[in-house]
Amino acid sequence: MTRAMTFGRRADEYDRLRPGPHPEALDRVLPVDARTVVDLAAGTGLVTRAILARPAPPAVVIAVEPDARMLARLTGAVRVRGAAEHLPLGTGSVDAVVASSAWHWFDADAATAEIARVLRPGGTLGLLWSRADPSVDWVATVRGIGNMTADGSARLSRRGFAFSLPDGYGFVDDTPEAVHVRWTRPMTRDEIAGMVCTYSGVLELDEAAQQEVFRAARARLDDLVAGPDPVDVPFETVARAWTHR
Ligand SMILES: C[S@@+](CC[C@H](N)C(=O)[O-])C[C@H]1O[C@@H](n2cnc3c(N)ncnc32)[C@H](O)[C@@H]1O
């Protein structure tokens, strides 16, 4: 199994513990008049649900995801097994594509070419990333415990936040300044340690090693964070949009 396909090992915990995008960031990169929207690399549907929760949701939301274990958790949208590099969708058939916390898993050139193909002229690509805010010391320390491998998840996530889209596919940058939204979410210490175990660097470890990461993260939380459960965990969503000409 490739590392990009490890999330389904803990699809339930992923869905329960990982943050969806902040709605304000989603609003900035998904036009209100988009009628057919693709949530690419939809996972368990955290973004799909946020799209469907808009005051005037799109007429059609298509969730594309390669991992059947993740897709099985997703409800309320058209579900399609597929990957960014080979989208099982018609040419010029959609108004907008969004991809959240996923771009770093794609072959950037193949995915950009496919997204350009399926978007209608003037359609929008919105890329988002959401994560616990690593500028807060205790968050960085606890996330670091899950950053076990040489190319750890936190490093991969930083690469994702760089927001580069390959040239030559007809995209124009709509948001030269990325949209940056910070918010907090109350979580118990068990939930925070569980969230650390939903990152790919931990998911590719064996079960015993994953449990050790949980225990280590849980112990550090007791040391680092004062007060009772739940803890207000700082999160950030960063987003950027491009129009396809
Ligand atoms: C970190 S999860 C993000 C899921 C969801 N977008 C969210 O924000 O919660 C990354 C997702 O990308 C999917 N993925 C990995 N490689 C992919 C590819 N080449 N094309 C499409 N999705 C892919 C994984 O199966 C996983 O569901």
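## Cavity

The largest cavity holds about 50 Å³ of space. A cavity here is a set of points, on a 1 Å grid over the protein atoms alone, where a 1.4 Å probe fits but cannot get out. Points are joined across faces, edges and corners, and the volume is the space filled by probe spheres set on them. Searching the whole structure gives one cavity of 30 Å³ or more.

This is a predicted model, in which local features need pLDDT of at least 70 and side-chain atom pairs count only at pLDDT 80 or more, while totals for chains, interfaces and linings use all residues. Residues are numbered from 1 along each chain as its sequence is written, and side-chain values use heavy atoms, leaving out hydrogens and water.

## Lining

Lining residues have an atom within 4 Å of a cavity point. For the largest cavity they are Ala132, Trp138, Val139, Val142, Arg143, Ile192, Met195, Val196 and Val233. Two elements give two or more residues each: α6 (137-145) and α8 (189-196). Helices are DSSP runs of H or I with at least four residues, strands are E runs of at least two, and numbering starts at the N terminus. The largest share, four residues, is from α6.

By class, the lining has eight nonpolar residues, no polar and one charged. Ala, Val, Leu, Ile, Met, Phe, Trp, Tyr, Cys and Pro count as nonpolar; Asp, Glu, Lys and Arg as charged; the others, Gly among them, as polar.

## Nonpolar cores

The largest nonpolar core has 27 residues, of which Leu40, Val97, Ile115 and Leu127 touch the most other members. Such a core is a set of buried Ala, Val, Leu, Ile, Met, Phe, Trp, Tyr and Cys residues joined through side-chain atoms within 4.5 Å. Buried means under 20% relative accessible area, exposed over 50%, and partly exposed in between (1.4 Å probe, protein chains only). Elements giving two or more residues to this core include β1 (36-40), β4 (94-100) and β8 (231-244). Another core lies apart from it, with 23 residues, among them Met187, Ala217, Val233 and Phe235.

## Two residues

Thr124 sits in strand β5. Thr124 is buried, at 8% relative accessible area. Beyond four places in sequence, its contacts (heavy atoms within 4.5 Å) include Val29, Asp95, Val97 and Trp242.

Arg49 belongs to helix α3 (residues 46-52). Arg49 is partly exposed, at 37%. Outside four places in sequence, Arg49 touches Asp15 and Thr44.

Terms used: On a 1 Å grid over the protein atoms alone, a cavity is a set of points where a 1.4 Å probe fits but cannot get out, and a pocket is an open set with protein on both sides within 12 Å along at least five of seven lines; lining residues have an atom within 4 Å of a point.
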